[in-house]
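This report describes the chain shown below.

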Amino acid sequence: MSDIQQIELSGHSLGVRVDPGPERENRPALWPSVGEYPIYDPFLYTTMTTDDERNHRFHTALEHLAPGRRILDIGTGQDLLWARASVQAGARHALAIEVIEDAFHKAAANLSAITSQDRITLLLGESTSLRFAPRADVCVAEIIGSLAGAEGAAAVLADARARHLEPGGRVIPHRAASLAAAVRLSDLLPGQPVAFAESSLPYLRNIFDWHGSPFDVRLRVENPPADALLSEGAPVEVLDFNGDLQTQQSTTTRLVITRPGLVDGVLTWLNLWCLPDEEPLDALRMKTNWATIYLPLFDCPVPAEPGDVLEVTLATTLSNDGIHPDYQLNAALHTADGQRHRGSLASPHHGGAFRSRAIYRALFPAS
């Protein structure tokens with residue numbers, strides 16, 4: 001069973017389907033994807049900064065690359081986390097940039113209490129608009145989304161490499177990839193209704209207020225059971241921050257079904273390398289603030305058997321803000337009996353349709 005609760009948006013109410021069950025650690029839960037929008041609050045910020053899997057990898061990379069060098073920290077946050085870590089690792093100087101004004105003012109207050117404050121410079125603004133000298137030797141930026149490029153990492157870091165880094169400068173993280181596997185959404189929420197967690201409602205409201213109207217948000221699934229996957233995972237988006245970094249790309253991947261079940265979409269998750277040769281962070285199998293993202297393809301689940309192939313093409317193009325990508329997903333499920341089931345999804349960063357698919361009509365029932 002699920003409840004319908006109302007959220008208030010610019011003078012009108014919007015019904016949202018809500019899971020009334022208890023929210024417990026490790027229980028699967030459905031949320032909107034939040035990282036690509038400027039709606040951070042203390043809870044989200046703390047969840048990110050206390051992520052041990054993430055922090056260990058970033059600290060190790062800075063210990064390796066920061067000593068004696070000039071560091072650029074994009075999206076430093078209120079605690080100037082990587083600027084401070086860079087200086088502690090022996091950096092000559094760290095330039096910290098923050099675009100959210102509230103976080104910038106908190107960072108300025110925190111900077112005054114840091115012993116090594118003379119080795120950190122804090123700037124307010126977008127790194128893609130700011131100009132400064134000298135150039136940095138290393139750029140560190142934790143602007144990676146649960147879909148790897150969703151927060152604009154490709155455009156921001158391509159610009160940083162072109163304008164803010166010395167030739168041969170290094171970027172942390174080194175590489176990020178979005179992997180995908182065939183799934184049915186209800187299998188990711190076993191024994192539960194397909195409905196938003198109640199605690200996610202304020203974030204839905206904030207996203208819609210920021211946008212100015214409701215739209216089909218990307219669906220974040222926390223703590224999905226790994227045995228719900230009907231295929232192995234394979235990369236559908238790859239960002240090589242120290243290599244051939246593409247701000248727009250299209251990748252076609254064949255997902256071979258490994259166990260029988262019903263398919264209505266794909267589950268995507270992040271792999272992240274801060275250094276080239278390390279074991280990647282795997283957001284599906286490790287405890288981290290990055291969650292998995294479900295992308296719907298078929299309004300009615302399609303039966304699939306081992307050996308069937310879900311061919312998926314994921315294309316990214318820059319939205320009209322020039323930073324955040326719009327995603328277009330096209331897929332065909334090829335079954336052993338010769339049938340081909342086609343599905344697609346347009347998932348822009350902003351704008352786009354509302355209630356365009358059966359899942360969104362169920363999650364946001366019309367009154």
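In the protein chain, the mean position of the 30 positive charges lies 3 Å from that of the 45 negative charges. Lys and Arg count as positive and Asp and Glu as negative, with His and the chain ends not counted; each charge is placed at NZ of Lys, CZ of Arg, CG of Asp or CD of Glu.

The model is predicted: local features need pLDDT of at least 70 and side-chain atom pairs count only at pLDDT 80 or more, while totals for chains, interfaces and linings use all residues. Residues are numbered from 1 along each chain as its sequence is written, and side-chain values use heavy atoms, with hydrogens and water left out.

**Overall dimensions**

The protein chain has 8 helices and 21 strands, taken as DSSP runs (helices H or I, at least four residues; strands E, at least two) numbered from the N terminus. Its radius of gyration is 21 Å, close to the 21 Å from the globule rule for 367 residues, so the chain is as compact as a globular protein of that length. The radius is taken over C-alpha atoms, and the rule is 2.2 Å times the number of residues to the power 0.38.

| Property of the protein chain | Value |
|---|---|
| Span of the C-alpha trace along its principal axes | about 65 × 45 × 35 Å |
| Buried residues | 54% of the 367 residues |

Buried means under 20% relative accessible area, exposed over 50%, and partly exposed in between (1.4 Å probe, protein chains only).

**Nonpolar cores**

A nonpolar core is a set of buried Ala, Val, Leu, Ile, Met, Phe, Trp, Tyr and Cys residues joined through side-chain atoms within 4.5 Å. The largest has 57 residues, of which Leu 80, Leu 157, Ile 172 and Phe 241 touch the most other members. Helix α5 (residues 153–164) gives the most to this core, with 6 residues. Beyond four places in sequence, Leu 157 is in contact (heavy atoms within 4.5 Å) with residues including Ile 74, Cys 139, Val 171 and Phe 241. A second, separate core of 41 residues includes Leu 219, Val 221, Ala 228 and Ile 359.

**Two local regions**

Helix α3 (residues 81–88) is largely enclosed by the rest of the structure, because 6 of its 8 residues are buried. Among them are Leu 81, Trp 82 and Val 87. Gly 90, with a positive phi near 105°, follows α3.

Leu 189 sits in the loop between α6 (185–188) and β10 (196–197). At 1% relative accessibility, Leu 189 counts as buried. Residues up to four places away aside, Leu 189 touches Pro 28, Ala 29, Leu 30, Val 194 and Val 221.
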